[in-house]
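Please open the model in your viewer and keep the sequence beside it, so that each selection can be followed in both places.

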Amino acid sequence: MQITELKSIVGAYKLDEHMFKHDDDKVLFFTGIKTYSLLKLVVDLAEHHIKQSPLASLTSFQQVLLTLMKLRLNHSFTDLGYRFHINRRTASHYFYNCINILYYKSKGLVRWPTRDELRFNVPKNFKLSFGEKVAEIGR
């Protein structure tokens, strides 16, 4: 087998931008985001705030991908470390750093309804069971 063939085989299993570029099903499975173009928007949103150094193990894309995989699939940091060929502590560091960046960059995109808006829109069955409460945490 030629070296170029081996590089191609190894590259097919590498969790990077090329693996997802033309496979929206894979993007949806791993991240919960419907398309690659939407995933790229999320990466672009965070990219300027992710510190990239020559010593960084992962690209900005991979750091966002790792974070979204953790959120979507709840992989352990050990598992993510194996998948991205990094230490579990490094995976944890990337996750917490990136989640803070994503929160900071997207916090204005979600508007939570007021208590009055919630009460107005609560289904009848919920009102009958729980009265004026707007949320119920079941056991």
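This tour goes through a predicted model, moving from a pair of helices to a nonpolar core and then to a second pair.

Begin by selecting helix H5, residues 60-73, together with helix H6, residues 77-84, and you will see two helices that pack at an angle of about 145 degrees, with their axes 11 Å apart. The crossing of H5 and H6 is right-handed. To look at the contact itself, show the side chains of Gln62, Leu65, Leu66, Met69 and Lys70 on H5, and those of Phe77, Leu80, Arg83 and Phe84 on H6. Sorted by class, the residues where H5 meets H6 comprise six nonpolar, one polar and two charged.

Which residues touch the most other members of the largest nonpolar core? They are Phe20, Leu66 and Phe84, in a core that has 28 residues. Colour helix H2 (17-20), helix H3 (24-31), helix H4 (36-47), H5, H6 and helix H7 (88-106), which are the elements that each give two or more residues to this core.

Finally, keep H3 and H5 on the screen, where these two helices pack at an angle of about 65 degrees with their axes 7 Å apart. Here Leu28, Phe29, Phe30 and Thr31 of H3 meet Leu65, Leu68, Met69, Arg72 and Leu73 of H5, and the contact of H3 with H5 is made up of seven nonpolar residues, one polar and one charged.

Notes: Residues are numbered from 1 along each chain as its sequence is written. This is a predicted model: local features need pLDDT of at least 70, side-chain atom pairs count only at pLDDT 80 or more; totals for chains, interfaces and linings use all residues. Side-chain values use heavy atoms; hydrogens and water are left out. Axes are lines fitted to C-alpha atoms, for helices over the stretch in contact, and angles run from 0 to 180 degrees between N-to-C directions. Helices (H or I, at least four residues) and strands (E, at least two) are DSSP runs, numbered from the N terminus. A crossing is left-handed if the near helix is turned anticlockwise from the far one by less than a right angle, and right-handed if clockwise. Contact means heavy atoms within 4.5 Å. Ala, Val, Leu, Ile, Met, Phe, Trp, Tyr, Cys and Pro count as nonpolar, Asp, Glu, Lys and Arg as charged, and the others, Gly among them, as polar. A nonpolar core is a set of buried Ala, Val, Leu, Ile, Met, Phe, Trp, Tyr and Cys residues joined through side-chain atoms within 4.5 Å. Buried means under 20% relative accessible area, exposed over 50%, partly exposed in between (1.4 Å probe, protein chains only).
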